[in-house]
Amino acid sequence: MLRMIGQRLMTTIPSVIGVIIVTFLLTRVLPGDTAAYFAGPAASPQAIIEIRSKLGLDQPLPVQFVSYVTALVKGDLGTSLTTGQPVTADLAARLPASAELTLAGLLLAMAVALPLGILAAVKQGSWIDHLCRVVATAGVSLPVFFTGLLLVYVFYFLLGWSPAPLGRLDVFASEPPRVTGLLLIDTLLARDFETFRGAFAQLILPAVTLAIFSLAPITRMTRASMLAVLGADFVRTARASGLTNRKVIGTYAFRNAMLPVVTTLGMVFSFLLGANVLVEKVFAWPGVGSYAVEALIASDYAPIQGFVLTMAILYVALNLMIDVLYGVIDPRVRLEG
Amino acid sequence: MTAVPLLEIRNLTVEFATRRGAVQAVKSIDVSVAKGETVAIVGESGSGKSVTSYAVVRILDRAGRVAEGTISFSGVDLVAADEAQMRDLRGREISMIFQNPRAALNPIRKVGKQIEDVLLQHVQATRATAKEKAVEALTKVKIARPEERYDAYPFELSGGMCQRVVIALALACQPQLLIADEPTTGLDVTTQKAVMDLIVELTRERGMSTILITHDLGLAAAYCDKVVVMEKGKVVETALASEIFRNPQHPYTRRLMQATPRLGTSLADLLLDAPQTVPAEARTAVTEPKPAAEAGPLMQVENLVKEYPRAATGALLAKLMGKAEPEKPAFRAVDGISFSIARGETLGLVGESGCGKSTTSMMVTRLIDPSGGKIIFDGTDIGAIPAKQFAASPHRRRIQMVFQDPTDSLNPRFTAERAIADPIMRMGAVKGRDALRARCEDLARLVGLPVELIDRFPHQLSGGQKARVGIARAIALDPDLVILDEPTAALDVSVQAVVLNLLEELKGRLGMSYLFVSHDLNVVRLLCDRVIVMKTGSIVEEGTAEEVLGDPKAEYTRELLTAIPHPLL
């Protein structure tokens, strides 16, 4: 198993190098002049040139690239011009927020989608199958900013059940000592249940918004995959040997049906992590998505490069995890590794 | 025989709901099985034999239901029984063994665990004793090193071994009735014999009743007391095994027996009333017979070798760390074989799965490259032309192939005409739509495919018709050598009889040579002039069909021959 992980990591090196080169080039060819943006609208051409040389932007591209990579090796992603902070610090502060939101959304979606998909497959053609189809279609056809705003309108404005959609914690609450960066876990570690409740209340609406959106792929994949497995010969054998439905569906069918579902989960997760900008905007969530978009608008190279690189590495790590999970589920994969 | 049968099926009708309304798959059949009796249900595909057994165990799929009739099993009405009652019966009182044993086992669960599941379900073992009992069940089916196999996954076991596990699973709870649904289809003859002997031994030992569902009359005769013949959902004949083969009553039974290849028959004997395989109008030869044969064999294969490298595990990492392991010797699928095919000859290539016969046929067809040796075809070493370029070589036209599965080897989106026209459009001299159409129609007539069917898609054709399309496609370019890779293995015996006769007739008329790859020695005996027997990549015996199959010299050939169940003793 370790050997497989090692090999998989090796094969990812070229793609990471590729990502570094492409993001570097892309940020350079995108329209917009960082120096002009920071000098402000009233700045003189002289001032702009000065800022440009201060930022090293007057150097030829290869030179810029070498200095970028040199810094990168030292773990320095550069400094964000908009926030004035090192990009690593910014990302470290914001990534847990995105991760917490995405994970919560995904877990919520799984909790609904997996049973729904299984039931829809087992009782194919019944009302629950139709319900599954309606829920999935509705979820995916509503844009997240719309669902988000709707939820805020109903649960905050009309009913007043949830707190104001302003970030991860109430402004008056104090953050727990940072361990994982995930507030729900950190508050529990600090035994600060008051703050835990607060963080949970803040999290629930954006997480539901994400969950509704990601219900569709997970439900549909679970259903399709379960249907295929339920028609398999070994399920017939299991039935013919008198195993209970629970055993047939749980142990025999579901574990086999898990493989494509796990792949889908990985894809949905990585998609959500980078693409939940809209949700972050609606709920004023201090995540990496909104950070990257702001940087992009400001032609702020360093954060964009840092963001893309982080996402690429996360994606690689996620795929590795999925591969390992595959090996746990399916002994045949273990052999090939 | 006891007065009260163990299983009594009365007036059973099974319906399937389809888009075009209810279809009766089984129509008012009566079958009874006494205690300790072995009953065969014999029939061709679509006869309803499997549906009957599924109805007994009540594992019909959603669309199917028992419309009428009763099934009683030691006094319990199985049609009326509730689901919980059925669940207790399944596996404990009535067990099933299925075709395709590897698929019948959960691919990602250890086989021992799967046996345990059944034992625990029927309270035949506690968690503490389950493992011990599962190993015991594996021992009973004569699996070597059962403690080790307990931890094996199905993909780590051979087909025969998987079937033993399925049998262990079925017999773990000592049921009274075993239903074996084509338990040995797809297994090699020697494995088939071992598996059937095992089933018979274990069921006799325990005084169990057995229902054997099969399309193979030989198997039914060799292993059963009573035979029930089914045709299109109806039971047409029920008789003692010893009676039915000596004196079949129903015409269908007679036809079925006639079509089964066996000792002392000729190809034409397989067809009861010998309908003409090729309609008269097509007999005015569409294709000119080949010019008189030149001297020398058509194909000469010398010292042919195919090696596959062993899967290199972790080679990349090892190399990077500077710890490259010593290279494992490559696996030799074909180990230096030589043979020749004369003009107009049919050469049989026989052996069990894994013996290298398919690899050999693929190399000869030039679909894969040999690792060594020569394939001299009509004076040219075509083995030297890489397989990737062979499609563009003029020799491609002269060597064609008929594949094993008539369904899978046709493009589902091509009509029969398009499938037949495909090689002509690529390599043939026929130009223009009308000429092409005319040629396809000629070919269809030649292989006995009704011309009005050639605009149909494969799923609209029967198995036999699809086989004819495959043959028409292979002969479309007027080849000199046709490689037939188990062309009838997926067909019912009556269809097989017709197709074999067609092949024989076409060979004579078109002046072709055949390389006939098969595991069915009875078919080989009928069709082939000479036979090669292969085992683990080498030729163990070679000679005329009569010599090899009548008076085998090699131990292995004898083993193969004795493993065939004979229906008419």
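Let's start inside a sheet: Met96(B) stands opposite Ile179(B), a residue of β7(B). This is a predicted model, in which local features need pLDDT of at least 70, side-chain atom pairs count only at pLDDT 80 or more, and totals for chains, interfaces and linings use all residues. Residues are numbered from 1 along each chain as its sequence is written, while chains are lettered from A and ligands numbered from 1 in the order in which they are written. Helices (H or I, at least four residues) and strands (E, at least two) are DSSP runs, numbered from the N terminus.

**The sheet of chain B**

- The strands β6(B) and β7(B), the latter covering residues 177-181, pair in the parallel sense over 4 bridges; two strands pair if DSSP finds at least two bridges between them.
- In chain B, 6 strands form an open sheet with mixed pairing, in the order β6-β7-β8-β3-β9-β10.
- At the edges stand β6 (94-97) and β10 (234-240) of chain B; each has a single partner strand, so one side of each is left without a neighbour in the sheet.
- From one strand to the next, the twist averages 15°.

**Helix α3 of chain B**

- Helix α3(B) spans residues 111-121 and is mostly covered, with 9 of its 11 residues buried (20 or more other C-beta atoms within 10 Å of the residue's own, with C-beta atoms placed from the backbone).
- The buried residues of α3(B) are Val111(B), Gly112(B), Gln114(B), Ile115(B), Glu116(B), Asp117(B), Val118(B), Leu119(B) and Gln121(B).
- Just after α3(B) comes Val123(B), with a positive phi of about 50°.

**Where the chains meet**

- Chain B gives 28 residues to the contact and chain A gives 23 residues; two residues are in contact if their C-beta atoms, placed from the backbone, lie within 7 Å.
- On the side of chain B that touches chain A, the elements giving two or more residues are α2 (83-89), β6, α3 and α11 (315-320) of chain B.
- By class, that side of chain B has 16 nonpolar, 7 polar and 5 charged residues (Ala, Val, Leu, Ile, Met, Phe, Trp, Tyr, Cys and Pro count as nonpolar, Asp, Glu, Lys and Arg as charged, and the others, Gly among them, as polar).

**A helix pair in chain B**

- Helices α14 (residues 416-427) and α16 (residues 463-475) of chain B pack at an angle of about 25°, with their axes 7 Å apart; axes are lines fitted to C-alpha atoms, for helices over the stretch in contact, and angles run from 0 to 180 degrees between N-to-C directions.
- That angle makes α14(B) roughly parallel to α16(B), a label for angles under 35 degrees.
- The contact involves Ala416(B), Ala419(B), Ile420(B), Asp422(B) and Pro423(B) from α14(B), together with Val469(B), Ala472(B) and Arg473(B) from α16(B).
- The residues of this contact of α14(B) with α16(B) divide into 6 nonpolar, no polar and 2 charged.

**Chain A and its Val87**

- Chain A has 15 helices and 0 strands, and its C-alpha atoms fill a box of roughly 85 × 55 × 40 Å along the principal axes.
- Of the 337 residues of chain A, 35% count as buried.
- Among the contacts in chain A with a separation of 6 or more, 71% come from residues 24 or more positions apart.
- Val87(A) is found in helix α5 (residues 87-122) of chain A, and Val87(A) is buried, with 25 other C-beta atoms within 10 Å.
- Not counting residues up to four places away in sequence, Val87(A) touches Leu77(A), Gly78(A), Thr79(A), Ser80(A), Ala302(A), Pro303(A) and Gly306(A).
- Val87(A) and Gly40(A) lie 47 residues apart in sequence and 22 Å apart in space, C-alpha to C-alpha.

Technical notes. Buried ≥ 20, exposed ≤ 12 C-beta atoms within 10 Å, placed from the backbone. Parallel < 35°, antiparallel > 145°, perpendicular 65-115°, else oblique.
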